[in-house]
Every structure is written in C-alpha cells, then in structure tokens.
Amino acid sequence: MFHQGSILLTVVVSIVASLPDPLNLAKLPEIPSITKPTPLPKTDAKIPKAPQGILKRIAVKVNRPVSLQDLERRMNRLEAVLKLDGMIQVVGDKMIASSGKEVDFAASNSTCNYVGGRIATPMNEAENSAVLEFAKKYNRYVYLGMREGPIPGKFNYLNGVPAVYTHWRKGEPSGRGTEGCVEMYTDGQWNDKACNQQRLTVCEL
Ligand SMILES: [Ca+2]
C-alpha cells in the first residue's frame, strides 16, 4: 500500500513539474532597489525678490511673482466673500463691521481702536444705513462715535469737532446734559443715552 502511494506521489510531482509556469515566475524582472527621490527644485530660487514680505509669501504660495494688482484682486475677492456673508458693509472708503458683542460705550470704542478702527461714526445717510444693517442683523441698539459737548444737546465727534450729520428721532436729544452718548435704534434713528448701557459694538475701518 505504502509502495503504491509513493509511486502515485512521484507521478503527481513529475506532472506538476512538467506543467508550464503559469505566472512565469522565472522571467519576472528584478525589483529595482529603492533609492532616495530626487529633491524638488526650490521654488524660492525662481522668484525675484518681492518688495514686501506679504508679496513674497503669496509669491511662494502661487509659485510666481505677485504684483500689486494681484494683491488688490485677492483682497477684492476676500472683501466680496465678507460682503456675501453680511460680515462687512462697505460704503465709500469705509468698511463697517461688528464684533457681535454688547458692551458699554468705552469698551466698544476700545474694541474698535484695538482692531485699528474706531467706533462707527456715520457722516451721511449712506453710512448711517450701513451701520443700521448691523443693528437690524443683531436686533440690538448701537453706540455711535459721538459725545455730548459742553453745550447740552450739542454732540461732537470724538475728536471734538461738532457733528455735521445727525439722524435724531423726533424729540431727541432729550437728555439735556444727562445722556452723554448716542445710540442708534433698530430703525436707524438716534437717541442720546447714558454711556454705561450694553450696546452692540460696530466699528468702522
Ligand atoms: Ca434721549
């Protein structure tokens, strides 16, 4: 029995050995040895020196020199995105924006100064409308960049110059020296008001 099995095994092994190699293993090419990749050329080397750091940083990013026109185009696109989202209002050369926070007049003014602007100070109807957009968006009153001067009921810009444009609600200003700040209602009209209330911060930049 063992003898017959041994013969059978030998026959099977012989047949398998005589079959063609289905994978053609003997002819597979040698696996090339792994070598370090060729380093990419340094992009900095192709870019001429930019006049300012910001231009250079963008140039490296887009891999070509950047002109002031390119920079302006990029900024216009950013501005458009912010407008689209209602994050900013642009009127004339002013950009109006809000922190969305309610604080008193001093804190509101400080916040605006901190970001390089000042508390919103509408100088005409268009600017008033731009500030109003934020009053409506947040449904909150807004302090404006004016204070009552030495004459009761007469309001000045923060540099002391008398306000040239006003949009008082009928009967305002009413404080006669007791309401030193100006707030905008959610219909765009103004009211003189104490400076320690919590009002929406809206800045112009
Ligand atoms: Ca009042």
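Me: Where is Asn 139 placed?
Reply: Asn 139 sits in the loop between H5 and S4, where helices (H or I, at least four residues) and strands (E, at least two) are DSSP runs, numbered from the N terminus. Although Asn 139 is not a glycine, its phi is positive, at about 55 degrees.

Me: Is Asn 139 buried or exposed?
Reply: Asn 139 is exposed, because it has 8 other C-beta atoms within 10 Å. By the cut-offs used here, a residue is buried if 20 or more other C-beta atoms lie within 10 Å of its own, exposed if 12 or fewer, and partly exposed in between, with C-beta atoms placed from the backbone.

Me: And what about Arg 176, what is its phi?
Reply: Arg 176, not a glycine either, has a positive phi of about 50 degrees, and it is found in the loop between S5 and S6. Arg 176 counts as exposed because 10 other C-beta atoms lie within 10 Å. The loop between S5 (155-157) and S6 also holds Pro 173, which is joined to Glu 172 by a cis peptide bond with omega about -5 degrees.

Me: Before I go on, how far does the confidence go?
Reply: This is a predicted model, in which local features need pLDDT of at least 70 and side-chain atom pairs count only at pLDDT 80 or more, while totals for chains, interfaces and linings use all residues. Residues are numbered from 1 along each chain as its sequence is written. The average pLDDT (the predictor's confidence in each residue, from 0 to 100) is 82 for the protein, and 74% of the residues score at least 70. Where pLDDT is low, the predicted coordinates should not be read in detail.

Me: Which residues touch the most other members of the largest nonpolar core?
Reply: They are Ala 120, Val 131, Val 142, Leu 144 and Val 202, out of 24 residues in that core. A nonpolar core here is a set of buried Ala, Val, Leu, Ile, Met, Phe, Trp, Tyr and Cys residues joined through C-beta atoms within 7 Å. Among the elements giving two or more residues to this core are helix H5 (125-138), strand S4 (142-148) and strand S8 (199-204), and the largest share, five residues, comes from H5.

Me: What does Val 142 touch?
Reply: Leaving out residues up to four places away in sequence, Val 142 touches Ala 120, Val 131, Phe 134, Ala 135, Glu 183, Met 184, Arg 199, Leu 200 and Val 202.

Me: Why does Met 146 count as buried?
Reply: Met 146 counts as buried because it has 22 C-beta neighbours inside 10 Å. Met 146 lies in strand S4 and its contacts, again not counting residues up to four places away in sequence, include Thr 121, Phe 155 and Val 182.

Me: Changing topic, how many bridges join S1 to S2?
Reply: Four bridges join S1 (residues 88-91) to S2, and the two strands run antiparallel; strands are taken to pair if DSSP finds at least two bridges between them. Val 91 has Lys 94 as its bridge partner in S2. S1 and S2 form a hairpin with two residues between them, and Gly 92 in the turn has a positive phi of about 60 degrees.

Key. Contact = placed C-beta atoms within 7 Å.
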